[in-house]
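Visitor: I am new to this structure and would like to be shown around. Could we go through it step by step?

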Amino acid sequence: MIDAIASLGRSSLNALVVFGRAFIFLIQVLASLDIVIRRFGLTVVQIYSVGVRSLLIIIVSGLFVGMVLGYQGYITLVNFGAAEALGGVVALSLVRELGPVVTALLFAGRAGSALTAELGLMKTTEQLSAMEMMAVNPYRRIFAPRFVAGFLSMPLLAAIFSAVGVMGGYIVGVGMLGVDSGAYFSQMQSVTDWNEDVLSGVIKSIVFGFVVTWIAVFQGFNAMPTSEGISRATTQTVVVSSLAVLGLDFILTGLMFGAG
Amino acid sequence: MKVRFFELAVGVFVLLGVAALFYLAIQVSNVTDYHDRDTYTVTAYFDNIGGLKTRAPVTVSGVRIGRVAEIRYDPEQFRAEVKLAIRSEHDYLPMDTQAAIHTAGLLGEQYIALEPGGDYDTLQDGDEVMFTQSALVLENLIGRFMTNMGSD
């Protein structure tokens with residue numbers, strides 16, 4: 001009995017320790033952000049590996065999510081004789097929810113895991129210690145550019161996801177199911193507000209980008225320097241950041257749309 | 001050469017992202033619609049506004065000239081006070097303009113239709129629309145129809 005309570009205490013303390021280390025890590029990364037301006041080339045390369053190489057999966061998923069939304073929305077709406085409202089349904093669900101959330105989940109799987117594995121291997125092969133020996137600050141040289149790259153790429157990827165999704169909905173709704181093309185866009189424009197819907201989605205994607213990159217980079221930094229440690233850290237990145245994104249989405253949606 | 005490739009790819013990526021945002025702004029949300037730059041406000045009192053919401057269109061002969069800025073209940077008049085923000089280029093509305101709440105389609109959204117009168121003076125900022133017509137409440141209509149049926 002006492003053992004059980006003690007182990008509960010130990011695991012909560014461990015969780016707190018990890019949390020604290022993550023915060024200290026974040027502050028140290030944020031403190032070395034000046035490197036991003038001074039040597040922007042480092043960040044550019046990271047944006048390439050995090051953002052550009054995620055483009056394909058984002059575009060393809062966006063297209064298919066939009067097409068499925070077009071189908072499902074049409075099937076539901078046609079029962080009420082309101083198939084013309086399809087554009088609004090597709091745009092609102094993409095811009096407000098699916099764009100930021102699905103992009104963040106894909107981003108965690110595609111880019112977050114890669115970041116963690118890369119950094120974990122760097123740590124295992126003692127590249128980070130070697131850098132410190134050479135008086136190169138790994139926070140500036142390694143972590144800060146990766147952090148900024150993820151943080152910048154997410155909103156762009158989410159915007160691309162939503163835009164492609166709207167076109168996917170158009171292909172199915174207008175092209176295949178025969179919704180009027182003008183009605184599709186005019187409905188969309190009348191229900192979607194720039195400030196309330198599109199900007200909220202952008203804010204969401206910025207928050208998600210921040211959290212996912214933070215988790216990914218920290219997990220790589222914090223990985224046990226063994227091959228098992230790397231695999232565990234990579235799994236942790238995907239699991240923790242997916243849960244964090246979904247939980248945060250609930251809170252942000254409540255804050256943004258709940259009061260109105 | 002390698003660095004140049006990265007820069008090019010990232011440049012294309014950023015351009016794509018910005019283009020997507022631009023697309024969302026113009027095509028999806030029609031950003032210009034909600035930034036009615038210069039507007040003047042007139043007030044209208046309705047007995048019943050039905051399902052009217054803020055940001056609903058204000059139209060003349062079906063042409064959109066503004067939007068509903070604010071809706072509140074006036075406890076002194078026991079009526080709903082609706083503030084209409086009308087774009088300032090439409091400054092020709094006569095004083096005796098009538099405001100009615102219409103519905104787009106049978107179940108569609110409600111909007112305010114203005115019907116210009118014949119007065120020489122025009123509505124200015126802060127004026128009140130004198131003649132208003134409440135929203136058509138479907139339940140009342142059905143109720144009236146039912147009693148008519150019963151009396152036959």
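This is a predicted model: local features need pLDDT of at least 70, side-chain atom pairs count only at pLDDT 80 or more; totals for chains, interfaces and linings use all residues.

Visitor: How many helices and strands does chain B have?

Guide: Chain B contains 3 helices and 8 strands.

Visitor: And which domains is chain B divided into?

Guide: There are domain 1, covering 2–31, and domain 2, covering 36–142. Between the C-alpha centres of domain 1 of chain B and domain 2 of chain B, the distance is 41 Å.

Visitor: What share of the residues in chain B is buried?

Guide: Of the 152 residues in chain B, 22% are buried.

Visitor: What about contacts within chain B: how much comes from residues 24 or more positions apart?

Guide: Such pairs make up 64% of the contacts in chain B that have a separation of 6 or more.

Visitor: Let us turn to the backbone. What is the phi of B:Phe78?

Guide: B:Phe78 has a phi near 55°, which is a positive value in a residue other than glycine. As a general point, most residues other than glycine have a negative phi.

Visitor: Where is B:Phe78 found?

Guide: B:Phe78 sits in the loop of chain B that lies between strand 3 (63–74) and strand 4 (79–87).

Visitor: Is B:Phe78 buried or exposed, and why?

Guide: B:Phe78 is exposed, because 9 other C-beta atoms lie within 10 Å, and a residue counts as exposed at 12 or fewer.

Visitor: Chain A next. What is the phi of A:Glu126, and where is A:Glu126 found?

Guide: The phi of A:Glu126 is near 60°, again a positive value in a residue other than glycine. A:Glu126 belongs to the loop between helix 5 (86–124) and helix 6 (127–133) of chain A.

Visitor: Buried or exposed, in the case of A:Glu126?

Guide: A:Glu126 is exposed, with 12 other C-beta atoms within 10 Å.

Notes:
Residues are numbered from 1 along each chain as its sequence is written. Chains are lettered from A and ligands numbered from 1 in the order in which they are written. Helices (H or I, at least four residues) and strands (E, at least two) are DSSP runs, numbered from the N terminus. A residue is buried if 20 or more other C-beta atoms lie within 10 Å of its own, exposed if 12 or fewer, and partly exposed in between; C-beta atoms are placed from the backbone. Two residues are in contact if their C-beta atoms, placed from the backbone, lie within 7 Å. Domain bounds come from an automatic or database domain assignment.
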